[in-house]
Amino acid sequence: MYVGTLSFDLLLGDVHSLKEKRSVVRPIVAELQRKYAVSVAEVEHMNLHRRAVVGLALVSGDAGHLSDVLDRCERLVAGRPEVELLSVRRRFHGDDD
């Protein structure tokens, strides 16, 4: 069994309220869930308007598949024009851990 996690540190564009922030972050979370069947949520900076950390996790029996899905998730978030991807943290846990 392999477990992979990603955390995305995001800078949001022209956002002036938490309501506007939700309107930017929720579609990203929903698309990741729908397209890649990963567990995903906003996990940090809940009270800041222009910052968000989105975390996701995936469990797989195949390390190659896990790595491929994490790569796709990273490309999806990086390609969103309404956010600037400041950093990505990737963790990979396998049977040897």
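I looked up Leu56 in this predicted model and listed what it touches beyond its neighbours within four places in sequence. Leu56 is in contact with Gly4, Thr5, Leu6, Phe8, Leu32, Val38, Ser39, Val40, Leu70 and Cys73.

I then turned to the largest nonpolar core, which has 24 residues. Which of these residues touch the most other members? I found Leu32, Val38, Leu56 and Cys73. I noted that β1, α1, β3 and α2 are the elements that give two or more residues to this core. In soluble globular proteins, nonpolar side chains tend to be buried together.

Next I examined helix α1, which covers residues 18-36 and so has 19 residues by count. From its first C-alpha to its last, α1 reaches 26 Å, close to the 27 Å expected at 1.5 Å a residue.

I recorded the buried residues of α1 as Lys21, Val24, Val25, Ile28, Val29, Glu31, Leu32 and Tyr36. What covers these buried residues? I found that the cover includes the strands β1 (2-12), β2 (39-44), β3 (51-60) and β4 (83-93), together with helix α2 (63-78). Just after α1, I noted that Ala37 takes a positive phi of about 50 degrees.

I also checked Arg22, which has its place in helix α1. Arg22 counts as partly exposed because its relative accessibility is 39%, and this class lies between the limits of 20% and 50%. Finally, I compared the positions of Arg22 and Leu85: they are 63 residues apart in sequence and 17 Å apart in space, C-alpha to C-alpha.

Terms used: Residues numbered from 1 in each chain as written. Predicted model: local features only at pLDDT ≥ 70, side-chain atom pairs only at ≥ 80, totals over all residues. Heavy atoms only, no water. Helix = DSSP H or I, 4+ residues; strand = E, 2+ residues; numbered from the N terminus. Expected span 1.5 Å × (residues − 1). Buried < 20%, exposed > 50% of the residue type's maximum accessible area, 1.4 Å probe, protein only. Contact = heavy atoms within 4.5 Å. Core = buried A, V, L, I, M, F, W, Y, C linked by side-chain atoms within 4.5 Å.
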